[in-house]
Amino acid sequence: MTYDDLLAYDPYELQQDAKERIFRELLSDLTDHHRKNCAAYDKACALLGDQIGTERTVETIPMVPVSLFKTLSLCSVPEDEIFKTMTSSGTTGQQTSKIFLDRQTAAWQQRTLERIVSSFIGPRRIPMLIIDSPNVLRDRNLFSARGAGILGFSIFGTRRRYALNERMELDFQTIEQFIQEAGDGPVLIFGFTYMIWKYFCQALRNAGRMLPLEHGILIHGGGWKKLQNEAVSAEEFRAGLRETCGLSIVRDYYGMAEQTGCIYMECECGHLHVSSYSDILIRSMDDFSCCENGTEGVIQVLTPMAHSYPGHSILTEDKGIILGIDDCPCGRKGKYIRITGRIPKAEVRGCSDTYEG
């Protein structure tokens, strides 16, 4: 089986045991591929005791700490096959990850994102309001995280409009024109969590305005760290959106530049779901053994999508819990999880946190 074959499955069709059988082969073959083509990764695997050609389980696939992408150029294809170099978010002075993509991996990323998000909002493209400034695509310092996220989700939208001007202020003329053109049909609203709260929701409150966006579907990700610092809970975030624009469908997602496309979308039950195209393990912070479901630990993310760089098995700097497997009331199969925070001393990073206004 190839990753193309895996994409033939619906995003939440595979039960966990079936997915593990598929992943065992795909991830093991990828590990051999990366060991043969990326010297730094090969050295790290050798130090961990991994041997090329040996039988591996999903749990024994070597993990790359996410911070390693900030210090090493990890690439498994010839330089002339690199189609795009992605960089992660990072505040001023922080190192950013560099992710090297060939055309095949970049295409898989887009198809994966499309399959996952379409299963939540439907296959039809709908008018899209972006909670950001159009300047984000012109400023190369912002483009790496925010711009890439906007471009990725833009494939689901038509008649795209930006809700903020270049001074990060609400552009009421543009917003009102967008609402008028959309009529009573559904609309997609996209942005990064902290920016939606500060520059959209709070700004509407301060202006004493309410927008008629009750037909909207809002997708947001990243930036919870700043809201937690301001004591803003997920419940308060949702309540603020209902108050200022009538939004009732709000979907959070978890994802990272190091595995772009493989995002973990929130269902109507409030659970983040692992799709057919990725997997998550929770590792003990004491000895990196796998935790039982319901036990908090460090999140390991896995996907067979990463062909051009050894990003198929990454140990993140985030903590989480596996809440259940194959039994979410929403009906989606696979694991569903909750993100609980960052590991101690981990760098604060998040797509929206890179804007210092």
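Which residues does Ile-219 touch, not counting residues up to four places away in sequence?

Ile-219 touches Val-117, Ile-121, Phe-153, Leu-188, Ile-189, Phe-190, Gly-191, Arg-251, Tyr-253 and Met-265, where contact means heavy atoms within 4.5 Å.

Before we go on, note that this is a predicted model, in which local features need pLDDT of at least 70, side-chain atom pairs count only at pLDDT 80 or more, and totals for chains, interfaces and linings use all residues. Residues are numbered from 1 along each chain as its sequence is written, and side-chain values use heavy atoms, leaving out hydrogens and water.

A nonpolar core is a set of buried (under 20% relative accessible area, 1.4 Å probe, protein chains only) Ala, Val, Leu, Ile, Met, Phe, Trp, Tyr and Cys residues joined through side-chain atoms within 4.5 Å. The largest one has 43 residues, and Phe-153 and Ile-219 touch the most other members. Helix 5 (103-121) is one of the elements giving two or more residues to this core, and helix 5 gives the most, with six. Helices (H or I, at least four residues) are DSSP runs, numbered from the N terminus.

A second, separate core has 28 residues, including Phe-178, Leu-204, Leu-213 and Phe-237.

## Helix 8 meets helix 10

Helix 8 (residues 193-207) packs against helix 10 (residues 234-245) at about 40°, with axes 10 Å apart. Axes are lines fitted to C-alpha atoms over the stretch in contact, and angles run from 0 to 180 degrees between N-to-C directions.

Note on methods:
Buried < 20%, exposed > 50% of the residue type's maximum accessible area, 1.4 Å probe, protein only.
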